[in-house]
Amino acid sequence: MKNYIKAHEWNIIEEGFDPHLNKISESIFSLGNGRVGQRANFEESYSGETLQGNYVAGVYYPDKTRVGWWKNGYPEYFAKVLNAANWIGISIEIDGVALDLAQAKVEDFSRVLHMKEGYLERNFKATLSNGYQVQVKAIRFCSIADDEVGAIKYQIKALNFDGELNIKSYIDGDVKNQDSNYDEKFWDFVADDEADNSCFLTLRTKKSAFEVCTGAHISVQKNGQKQELAMQTIRQEKYIAQQFTVAVAKGDEITFYKTAVNLSSQNYEPQQLLQAAKTALNNAVAKGFEQLFAEQQQAWAKKWQESDIIIEGDVAAQQAIRFNIYQLFQTYTGADDRLNIGPKGFTGEKYGGSTYWDTEAYCVPFYLATAPQQVSKNLLIYRYKQLDKAIENAQKLGFTNGAALYPMVTINGEECHNEWEITFEEIHRNGAIAYAIFNYIRYTGDANYLAEYGLEVLFGIARFWKQRVNWSQAKSQYVMLGVTGPNEYENNINNNWYTNYLAVWCLKYAQEAAAWVQQNAPQRYQELKSKLNFSTDEFAQWQHIVEHMYYPYSEEFGVYLQQDGYLDKEQILVKDLPAAERPLNQKWSWDRILRSCFIKQADVLQGFYFFEDDFDFDTHKRNFDFYEPRTVHESSLSPCVHSILAAKLHDEARAYEFYLRTSRLDLDDYNNDTEDGLHITSMAGTWMSVVEGFAGMRVRNDKLIFNPFLPQKWKSFSFTVGFRGANIKLSISKEEIHIVNLAQKGLSLQIHDKEYELAAAEELKISNAVLA
């Protein structure tokens, strides 16, 4: 666990330069706008250890799978979100000596992520090997007001010398992915171009044939006065630069404004791409840095107005929740239903940057409450558009009749994960997609989604579950064999309780959805009946499974067993593990992990989170108290679920402990893996820990319900959520619960089992003394 980020309510601050922490900071200080992303690499050259990363959403390469053995049904590739052209580069030499923080003496270094306004600032003083000293201040951002644009303001001041700066403003497309299976470079050169102070580089991905045109414009000021400079163009392999020199005297300050655009063939025809990039770049340059910066600040102000969580009295907790919210909005804006949310977002290459079940289980709730309804709807439409591929994926594994198995990892709907225990067995992901449809409709009231899109997906999933179970003569019940649950420290086990329970829920929900469509959209129902070729006989088969599913249970402990045979394992608690043996996935053999009782992440408890209304308080508590002491939380998705359940059980200490762990997972590098990129999807779980945990927010019977409590370390906390056209701000302090309806629409609320009506623009104050 690291602890070098300074506490601040709105900023992420690093003071002092430690090269050993640089790759971690490159992740933490990453920028993005939903369309492109940029790790916090330096603009100037850096010969030290770094992970260069620029990413364009939706652009991928099918990197050939690298395994020493093969099984039928395996995907042939792993989809990689690509490291794209480096647009930020500003190479600086001073009288022949490169400005390189790995070779210079660095003082007064700071890196600040200004989350409120949406930009990265870096300051330092460097002494070069020739004794020259410079002071540098750099600001950059990826615009969320115009998601094709990025901008840099780079100021360098000569502190103790007269000399000549030799500058190269470049676009470097000769890049590779760190996670390339065969050390292959994924881009081919298409074209380059130049015009005045601008240059352009167009690249095409191998195999997938995406084209991306990157354009960059450079302008220069000396002591505030614009400079007209003779630009020399330099061309190399997949590289273009504009080089110029500037004479400086002691005390002079040079300011570079670099404006860039990234456009892809996803949105433009390839033959139009260069001209579109020129137009976009010219428009951005015409606005100028200050106007672009002002638009960025205004756009972020609106984001924060809709989504901010304010915590009073705990700066570490405040900083953490804002960092998580900030990175979520940098990753996904919902503007394009072809895009989704990779576990690392735009901050690294691990996991391929592709789509996992994390989106449906963790991210959908966040966007439902903090963004316009279309944003979360687009996440669901993304899966609808890939239904045909999900059916193909199931066919490859031997399923028929339109059964759909959504992939564990994908970018285009095809499965591209190549570990057998995941690809073939971690099938609970299907249920998370069905649950997201339910969750979206429950929250928004948009039941018409079932007729438009949802019922087709639910049928494909239900047909999969129907074929995946089998009848056990010995038990006279249905069982599910050879699966892996959310707890990936158990592979190829039988009757994972969570998977069995989720499958039955899907079969029930598909029937309920069909009944709703039949009653409310009869014409559409008939269309789907013909298209999907279903009858009531099929529903009867599903219902038989619902009524006869087997669930492993321990009478001794009064808990649902994670899977058959779980109690055959030696029951050791995490507290009895020596600290030197953790994390297990780095210290133990896989064989030893699989034979242990230790749980990587919430498994049975994931089911209790989804389906909490199916179980009484005592059942929740028994299962939580049994499984939490056996859970090592070596998945980023685990602490948030435990925090929410602990809050439900009035276990404030553990709820707060797990909140801090999930919220500062990356800021404090809990799992020693932040350098690979941030854990974007678990960040949504951090938001859930506050709003669903400490505030107890639920939706039941078409209304919002809150059962809030105030953690002892906090003086108060408040947040804003949108709900069915209303927008409310809830503030919880020791004295009262204060609710303000910010919209021109009334709504019904339930606070601690008492009903309230909140009219448009009305506010409500409830004394905590009365509630107690």
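**Exercise 1.** Determine whether Tyr560 is buried, partly exposed or exposed, and characterise its pairing with Tyr553.

*Solution.* Tyr560 has a relative accessible area of 21%. Buried means under 20% relative accessible area, exposed over 50%, and partly exposed in between (1.4 Å probe, protein chains only); Tyr560 is therefore partly exposed. Tyr553, at 35% relative accessibility, also counts as partly exposed. Rings of Phe, Tyr and Trp (its six-membered ring) pair if their centres lie within 6.5 Å, with planes under 30 degrees apart counted as stacked, over 60 as edge-to-face and the rest as tilted. Tyr553 and Tyr560 lie 5.2 Å centre to centre with 70° between the planes, an edge-to-face pair.

The model is predicted: local features need pLDDT of at least 70 and side-chain atom pairs pLDDT 80 or more, whereas totals for chains, interfaces and linings use all residues. Residues are numbered from 1 along each chain as its sequence is written, and side-chain values use heavy atoms, without hydrogens and water.

**Exercise 2.** Classify the aromatic pair of Tyr154 and Phe256, and state which strands it joins.

*Solution.* Tyr154 belongs to strand β12 (residues 149-158) and Phe256 to strand β20 (residues 253-264), so the pair ties together parts 102 residues apart in sequence; strands are DSSP runs (E, at least two residues), numbered from the N terminus. Both Tyr154 and Phe256 are buried.

**Exercise 3.** Which residue does the charged end of Arg111 sit over?

*Solution.* The criterion places NZ of Lys or CZ of Arg within 6 Å of the ring centre and within 35 degrees of the ring normal. Arg111 sits over the ring of Phe29, 5.5 Å from its centre.

Methods. Helices (H or I, at least four residues) and strands (E, at least two) are DSSP runs, numbered from the N terminus.
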